[in-house]
Amino acid sequence: MANSRMQFMEDLEEIRNLTSSDFAALALCLDKAKSYRWKCAAGNSNDRYQHMVIRTGQGLAGTALRLGRWVKLDDSHPQFGRERRDCPVMLAEQLQAAAVFPIRLDTGCPMRGLLFIGKRKGTRYEEDEIRTAQENLHKLVSDMKEYQEEMRI
């Protein structure tokens, strides 16, 4: 298990670096009730993310779950302050910009996880950073299959 977890953490760290993010985390669907929890993070300033449950429609991750597509939040959003306060990960990690990407193991399959990236400084995500995160999801997905089998998720 240690090898797949280490590889998984390296993938997460690589995405964090490639997107100039301060924080990256992965949430996995843990049961058939569609309960999502944050399982691992890179660049985290504390471990509060481990106790958070993602609810559909609540916070940025919940919005990605509800919509089934990637979403971002930064100071260009007209309700940035309110939306940021509603996002527990952004508050816990003191993030000023964030993006969340749904993860599907295969095309047409239900969502199996979420990738969350965030910046602590007041900069926005540029299109090339978003594209880089999306392009690197496939590597995360392939390592995620092995990780989930070992974790029996």
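**View 1. Glutamate 135 is partly exposed in this predicted model.** Its relative accessibility is 46%. Glutamate 135 belongs to helix α5, which spans residues 127-151. Glutamine 94 lies 41 residues away along the chain from glutamate 135. The C-alpha atoms of glutamate 135 and glutamine 94 are 26 Å apart.

**View 2. Six strands form an open sheet with antiparallel pairing.** The strand order is β3-β2-β1-β6-β5-β4. The edges are taken by β3 (53-54) and β4 (71-73). Each edge strand has a single partner, so one side of β3 and one side of β4 lack a neighbour in the sheet. Strands of a sheet pair through backbone hydrogen bonds.

**View 3. Strands β1 and β6 pair in the antiparallel sense.** β1 covers residues 23-29. β6 covers residues 111-119. The two strands share 6 bridges. At one of the bridge positions, alanine 25 has phenylalanine 116 of β6 as its partner.

**View 4. Cysteine 87 is buried and sits too far from any other cysteine for a bond.** Its relative accessibility is 3%. The model has 0 disulfides in total.

**View 5. Cysteine 29 is buried.** Its relative accessible area is 6%. Buried means under 20%, so cysteine 29 falls in that class.

Conventions
Residues numbered from 1 in each chain as written. Predicted model: local features only at pLDDT ≥ 70, side-chain atom pairs only at ≥ 80, totals over all residues. Heavy atoms only, no water. Pairing = 2+ DSSP bridges. Helix = DSSP H or I, 4+ residues; strand = E, 2+ residues; numbered from the N terminus. Disulfide = S-S within 2.5 Å. Buried < 20%, exposed > 50% of the residue type's maximum accessible area, 1.4 Å probe, protein only.
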